[in-house]
Amino acid sequence: MKIHRLIIPLFAAILCSCSQGEGSDSEYFSSERAIEVTASQTTVDSEAESSSQPAETKAADSSSEPEKEQKLWQSFDEFYDTLADDDMIKQNYIHNSEVWANSGIQGQLIESGQDTSPQNELHLGKYKFGYNGCEVIAGYNMLTLLGEDVDMAKLISEYEKNILVASDGSFGCEPREIYLLLDKHGYNYETIKTIAECDKALDEGKSLIFSYFTGTAYLSEIHTICIIGGEDKYVLNRYNSVDGRRQISSISDITEYDKNVIIAYSVDTQEEGK
């Protein structure tokens, strides 16, 4: 993530490793999760612009940061035909299309962990989903809550094209740029960064894409999840090997510190999904 580019040389191993199990909420590394694909470039794009958004309610068609060019999300149909046959994105799309077609979960929420079947066979960059798939799953679940029939294979390609931190997927996707996806689909959302704001949104029945440090801020793993709000609150993909949704009473059940909150997007799925 861009937050980590300041400390990648020192903490890359920490950020990309985490043990399995109930106490593990994040992406972790195993040699079994690396895949052999062709990539035209495998270096970290350290020149990409920061896209932190201030806490605000944002209409999808409103402009921000007028003094510099605003980054836009490119949809699958806008770029796929321009890709070379050996491009990593195209190769992954071919693989992911087959996995998704045989998954039996099309149109459903992905509630279990990213390292459980069938989603763990999907590829993002040069890795399987158990390593780096949480941002994609969070976006997929939010769009599904909004009533969209999401083609996961195409969505993965879009994430690879738009917000991979490193072109090989080794640092996952940039959670602070998921707002670009929501903009592209025309949804209103609120960007928030405190536990109190997140709890308020959930109590109001809104849903969140929530990204956080699982331990010490800036020195621990990252996880990005979708949380369904309301009287009963549920986390989807709570951790890598979880077998289904997990109920929480507050964001403090996930993290107790505001400094661990990287970004959250609050969406009124009942209103926006109409």
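The model is a predicted one, in which local features need pLDDT of at least 70 and side-chain atom pairs count only at pLDDT 80 or more, whereas totals for chains, interfaces and linings use all residues. Residues are numbered from 1 along each chain as its sequence is written, and side-chain values use heavy atoms, with hydrogens and water left out.

Of the 274 residues in the protein chain, 57% are buried (buried means under 20% relative accessible area, exposed over 50%, and partly exposed in between, with a 1.4 Å probe and protein chains only). The secondary structure comes to nine helices and nine strands, taken as DSSP runs numbered from the N terminus (helices H or I, at least four residues; strands E, at least two). Among contacts (heavy atoms within 4.5 Å) between residues at least 6 apart in sequence, 70% join residues at least 24 apart.

Helix α8, which spans residues 195–203, has Ile 195, Cys 198, Asp 199, Ala 201 and Leu 202 as buried residues. Seen down the axis of α8, these buried residues fall within an arc of 160°, so they line one face of the helix; the arc is that of the directions from the helix axis to the C-beta atoms. Ala 196, Lys 200 and Asp 203 are exposed on the other side of α8. The packing partners of the buried residues of α8 are the strands β4 (189–192), β5 (207–213), β6 (222–228), β7 (233–236) and β9 (261–267). Gly 205, which follows α8, has a positive phi near 90°.

Positive phi values also occur in residues other than glycine, including Tyr 218, with phi near 70°, and Asn 237, with phi near 55°. Tyr 218 is found in the loop between β5 and β6 and counts as partly exposed because its relative accessibility is 43%. Asn 237, placed in the loop between β7 and β8 (246–248), counts as buried because its relative accessibility is 1%. A cis peptide bond, with omega about 5°, joins Ser 117 and Pro 118, and Pro 118 is located in the loop between α3 (88–101) and β2 (123–124).

Phe 129 lies in helix α4 (residues 129–132) and is buried, with a relative accessible area of 0%. When residues up to four places away in sequence are not counted, Phe 129 touches Gln 114, Gln 119, Asn 120, Leu 122, His 123, Leu 124, Val 136, Ile 137, Met 152 and Ile 156. Phe 129 and Asp 115, 14 residues apart in sequence, have a C-alpha to C-alpha separation of 6.4 Å.

The second largest pocket has a volume of about 170 Å³. A pocket is defined on a 1 Å grid over the protein atoms alone, as an open set of points where a 1.4 Å probe fits, with protein on both sides within 12 Å along at least five of seven lines, and lining residues have an atom within 4 Å of a point. Grid points are joined across faces, edges and corners, and the volume is the space filled by probe spheres set on the points. Residues lining the second largest pocket include Ser 75, Phe 76, Asp 77, Glu 148, Lys 154 and His 185. The elements that give two or more residues to this lining are α2 (76–79) and α6 (152–162), with the largest share, three residues, coming from α6. The lining divides into four nonpolar, two polar and six charged residues, where Ala, Val, Leu, Ile, Met, Phe, Trp, Tyr, Cys and Pro count as nonpolar, Asp, Glu, Lys and Arg as charged, and the others, Gly among them, as polar.
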